[in-house]
Amino acid sequence: MTAKIFALSLAALSLALPAAAQDGDAAKGEKVFRKCMACHAVGEGAKNKVGPELNGIVGRTTAAVADFNYSDAMAAKGAEGHVWTVEELDAYLADPKGFIPGNKMAFAGLRKDEERADVIAYLATFQ
């Protein structure tokens, strides 16, 4: 009985995850995340750097990390109630300056769809 409940739970979870998260490969995403590590941290004990720590980013309200000094543009987006869904992260990572003009992230973005899906899948493991 427990195995059935577990299997049904996994099936329901897979239906609830957007396609980009399902298509992404977290192991590959860990490698892609190396491009982000100069400014961001994830995992146990992650701390803010030049950018905020990214634990729990998927599903988190924008600009919600305590003790991080967000740009006015990012703070305004959070004040609007914006949430980092898989789709929103995908759009932001494709073109950070275009998605939220005036934010202070210097990174130009990840142009390849697969890299974005992989890094989002990786970040989703830190919920």
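Buried means under 20% relative accessible area, exposed means over 50%, and partly exposed lies in between, with a 1.4 Å probe and protein chains only. By that scale Glu115 is buried, with a relative accessible area of 19%.

This is a predicted model, in which local features need pLDDT of at least 70, side-chain atom pairs count only at pLDDT 80 or more, and totals for chains, interfaces and linings use all residues. Residues are numbered from 1 along each chain as its sequence is written, and side-chain values use heavy atoms, with hydrogens and water left out.

**Figure 1. Overview of the chain, with 7 helices and 0 strands.** Helices (H or I, at least four residues) and strands (E, at least two) are DSSP runs, numbered from the N terminus. Along the sequence the pattern reads α-α-α-α-α-α-α. The chain has 127 residues, and 37% of them count as buried. Contact means heavy atoms within 4.5 Å. Among contacts in the chain with a separation of 6 or more, 44% come from residues 24 or more positions apart.

**Figure 2. Helix H7, residues 113-124.** H7 has 12 residues and reaches 16 Å from its first C-alpha to its last. That is close to the 16 Å expected at 1.5 Å a residue; the expected span is 1.5 Å times one less than the number of residues. The helix is mostly covered, with 9 of its 12 residues buried. Among the buried residues are Ala117, Asp118, Val119, Ile120 and Ala121.

Figure 3. A salt bridge is a side-chain nitrogen of Lys or Arg within 4 Å of a carboxyl oxygen of Asp or Glu. The whole structure holds 4 of them. Glu114 is exposed, at 51% relative accessible area, and Lys28 is partly exposed, at 42%. Glu115 lies in H7 and Lys35 in the loop between H3 and helix H4 (72-79), so the pair ties together parts 80 residues apart in sequence. Lys35 is partly exposed, at 46% relative accessibility.

**Figure 4. The salt bridge between Arg116 and Asp90.** The closest N and O atoms of this pair are 2.8 Å apart. Arg116 is in helix H7 and Asp90 in helix H5, and the pair links distant parts of the chain, 26 residues apart. Arg116 is buried, at 6% relative accessibility. Asp90 is partly exposed, at 22%. Salt bridges that share partners join Asp90, Asp113 and Arg116 into one network.

**Figure 5. Aromatic pairs in the model.** Rings of Phe, Tyr and Trp (its six-membered ring) pair if their centres lie within 6.5 Å; planes under 30 degrees apart count as stacked, over 60 as edge-to-face and the rest as tilted. The structure holds 6 such pairs. Phe68 and Tyr70 are edge-to-face, with 4.8 Å centre to centre and 70 degrees between the planes. Both are buried: Phe68 at 15% relative accessibility and Tyr70 at 16%. Tyr122 and Phe126 have ring centres 5.0 Å apart and planes at 80 degrees, so this pair is edge-to-face. Tyr122 is buried, at 12% relative accessible area, whereas Phe126 is partly exposed, at 21%. Ring pairs link Phe33, Tyr122 and Phe126 into a cluster.

**Figure 6. Lys77 over the face of Phe99.** A charge sits over a ring if NZ of Lys or CZ of Arg is within 6 Å of the ring centre and within 35 degrees of the ring normal. Lys77 lies 5.4 Å from the ring centre of Phe99.

**Figure 7. The largest nonpolar core, with 23 residues.** A nonpolar core is a set of buried Ala, Val, Leu, Ile, Met, Phe, Trp, Tyr and Cys residues joined through side-chain atoms within 4.5 Å. Phe33, Ile57, Trp84, Tyr92 and Val119 touch the most other members. Helices H5 (86-94) and H7 are the elements that give two or more residues to this core. Leaving aside residues up to four places away in sequence, Ile57 touches Trp84, Leu89, Leu123 and Gln127.
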